[in-house]
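This briefing describes a single protein chain for a reader who has the sequence and the coordinates at hand. Its points are grouped by topic.

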Amino acid sequence: MKPLVLVVCGAGTLTSVMASQGIEDGLKKRGVKGYKIQVGRLDDVGRFADQITVLVSSMNVRQKYDFPVINAVSFLTGDEDGQEVVIDKVAKILKEVQE
């Protein structure tokens with residue numbers, strides 16, 4: 001099974017879609033392959049919990065999980081440097097699980 005990057009926001013529409021597109025573009029530029037990106041709402045985390053490799057959220061996530069959680073508010077604010085940091089973190093995690 002391919003590693004899963006779940007990208008979530010409150011409604012599962014605008015912000016998570018924007019973030020997922022930015023992350024996917026950034027991962028392609030970094031040569032990262034062999035993963036799946038799923039867009040959803042924070043409420044969807046429980047449904048995908050046994051499949052998630054990394055959770056990327058534009059909202060503050062207080063709950064602790066067995067997988068890394070990356071704050072992606074930079075995709076909401078337009079902070080391009082912050083977006084690059086998010087993409088770097090996701091790329092590092094995906095590369096580690098694929099080794």
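This is a predicted model: local features need pLDDT of at least 70, side-chain atom pairs count only at pLDDT 80 or more; totals for chains, interfaces and linings use all residues.

Which residue of strand 4 does V56 stand opposite? V56 stands opposite I70 in strand 4.

- The four strands form an open sheet in the order 2-1-3-4, with parallel pairing.
- Strand 2 and strand 4 (69-71) are at the edges, and each has a single partner strand, so one side of each lacks a neighbour in the sheet.
- From one strand to the next, the twist averages 25°.
- Strand 1 and strand 3 run parallel and are joined by five bridges; within this pairing, V54 in strand 3 is the bridge partner of V5.
- Strand 3 (residues 52-57) and strand 4 also run parallel, joined by three bridges, and L55 stands opposite V69 in strand 4.
- Helix 4 (residues 80-98) packs on the sheet and touches strand 1 (4-9), strand 3 and strand 4. The direction of helix 4 makes about 175° with that of strand 3.
- Strand 3 is mostly covered, since six of its six residues are buried.
- Strands of a sheet pair through backbone hydrogen bonds, in either a parallel or an antiparallel manner.

**Nonpolar cores**

- The largest nonpolar core has 19 residues, of which V5, I23, L27, V56, V86 and V90 touch the most other members.
- Strand 1, helix 1, strand 3 and helix 4 each contribute at least two residues to this core, and the largest share, six residues, comes from helix 4.
- A second, separate core has eight residues, including L4, V45, I52 and L55.
- Beyond residues up to four places away in sequence, V5 touches K36, I37, Q38, V54, V56, V90 and L94.
- In soluble globular proteins, nonpolar side chains tend to be buried together.

**Aromatic pair**

- One aromatic pair is found in a search of the whole structure.
- The ring centres of Y65 and F67 are 4.9 Å apart and the ring planes lie at 10°; because planes under 30 degrees apart count as stacked, the pair is stacked.
- Y65 counts as partly exposed, at 24% relative accessibility, whereas F67 is buried, with a relative accessible area of 10%.

**C9**

- C9 is placed in strand 1.
- Its relative accessibility is 4%, so C9 counts as buried, the limit being under 20%.
- Apart from neighbours within four places in sequence, C9 is in contact with T15, S16, G40, R41, L42, S58 and M59.
- C9 and L94 are 85 residues apart in sequence, and their C-alpha atoms are 21 Å apart in space.

**K33**

- K33 lies in the loop between helix 1 (14-29) and strand 2 (36-41).
- K33 and K95 are 62 residues apart along the chain, and their C-alpha atoms are separated by 8.9 Å.

Technical notes
Residues are numbered from 1 along each chain as its sequence is written. Side-chain values use heavy atoms; hydrogens and water are left out. Two strands pair if DSSP finds at least two bridges between them. Axes are lines fitted to C-alpha atoms, for helices over the stretch in contact, and angles run from 0 to 180 degrees between N-to-C directions. Contact means heavy atoms within 4.5 Å. Rings of Phe, Tyr and Trp (its six-membered ring) pair if their centres lie within 6.5 Å; planes under 30 degrees apart count as stacked, over 60 as edge-to-face and the rest as tilted. Buried means under 20% relative accessible area, exposed over 50%, partly exposed in between (1.4 Å probe, protein chains only). A nonpolar core is a set of buried Ala, Val, Leu, Ile, Met, Phe, Trp, Tyr and Cys residues joined through side-chain atoms within 4.5 Å.
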